[in-house]
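Please work through the following exercises with the sequence and the 3D structure open beside you, and try each task before reading its solution.

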Amino acid sequence: MTKEEKEKLYTVRWYVREKWSEPSAQDEVLEMLSGLLDSGSNPEDRPSVSATGQKLLWCPFADKDFPAGKSRGSYARGYPLGAVVHFTAGRRSGLKAGIDEQVRNKFLYFVIDKDGNIGQNFSLDSWGYHAGESSYPGLGSGVSRHLVGIEVQAAGMLKKVGSTYKTWYGETVPAADVRVIPRKNANQEAGAYQAYTKTQEEALIRLLKWLRENNPEVFDYKHVLGHDEVSPGRKNDPGGALSMTMPELREKLQKA
Ligand SMILES: [Zn+2]
């Protein structure tokens, strides 16, 4: 089976699990299955987009073998307009634990573990909750229905105890993993953060670039936002966990 064929099967599985009651999903599934059965043996005959001409709905380099997340409906344009960058404010417990927690809480988002592995358990035309109370100019309130969530596993803001930094759950963070923001800078609130690992940050940027390249008509880097930008005062992620401010990240993406 080629990668593209596997992507289609993930979409089929998602529709059967989550959207079977919708007649349009049944049509999509039939069309995708027909496309898979009709695809020739010549690899060049195989399209890189789904049988219906849509863009890929599953990231080719994400791990996808997880229980389905809770979708709240379809994006108005069939794909997210951008993304919200988060940290989990929890332990770096790996993809399986991260996705299990997400499913339990009925949220929906990508998870990136400390080694830069990416977990996806939803189809990219389906939105779910991740940002809570939020708003942004041009998007209105409740940005989860427009933007896909990306949760990067990191402890969040740290407390200084003597000469060490501790997570809110009492774990000491090695000095090399601490980033101190001395004063508020753009979206970054002043304070100490557990920094994203280098591989996490590389995976985040790779995922954002793929999300845009896969559907540049809809996904716009100007809508790659921090949770602290869409819920200012209430949320402080990614803040100083990311090695740059969100405006700097957007600029880096635009130039890439
Ligand atoms: Zn968040």
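**Exercise 1: Two domains**

The protein chain is divided into domain 1 (1-54) and domain 2 (61-256), with bounds that come from an automatic or database domain assignment. Residues are numbered from 1 along each chain as its sequence is written. The model is predicted, so local features need pLDDT of at least 70 and side-chain atom pairs count only at pLDDT 80 or more, while totals for chains, interfaces and linings use all residues, and side-chain values use heavy atoms, with hydrogens and water left out.

**Exercise 2: Salt bridges**

Task: Find how many salt bridges the whole structure holds, and then examine the pairs formed by Lys-64 and by Lys-55.

Solution. Begin with the criterion, which asks for a side-chain nitrogen of Lys or Arg within 4 Å of a carboxyl oxygen of Asp or Glu; a search of the whole structure then finds nine salt bridges, and the count between domain 1 and domain 2 is two.

Next, take Lys-64, whose salt bridge with Glu-7 has its closest N and O atoms 3.6 Å apart. This pair links distant parts of the chain, since Lys-64 lies in the loop between helix 2 (23-38) and strand 1 (73-74), whereas Glu-7 lies in helix 1 (residues 3-18), 57 residues apart. Helices (H or I, at least four residues) and strands (E, at least two) are DSSP runs, numbered from the N terminus. For accessibility, buried means under 20% relative accessible area, exposed over 50%, and partly exposed in between (1.4 Å probe, protein chains only). Lys-64 is buried because its relative accessible area is 5%, and Glu-7 is buried because its value is 6%.

Finally, turn to Lys-55, which forms a salt bridge with Glu-217, the closest N and O atoms being 3.9 Å apart. Lys-55 lies in the loop between helix 2 and strand 1, and Glu-217 in the loop between helix 4 (198-214) and strand 14 (224-226), so the pair ties together parts that are 162 residues apart in sequence. Lys-55 counts as partly exposed because its relative accessible area is 28%, while Glu-217 counts as exposed because its value is 52%.

**Exercise 3: The zinc ion**

Task: Which residues are the protein donors of the zinc ion, and are His-86 and His-227 buried or exposed?

Solution. First apply the rule that donors are N, O and S atoms within 2.8 Å of the metal (3.2 Å for Na, K and Ca); water is not among the atoms, so sites may look incomplete. The protein donors are His-86 (ND1), His-227 (ND1) and Asp-237 (OD), at 2.0 to 2.1 Å from the zinc ion. Then locate the two histidines: His-86 is in strand 2 (residues 82-87) and His-227 in helix 5 (residues 227-230), so the pair ties together parts that are 141 residues apart in sequence. Lastly, His-86 and His-227 are both buried.
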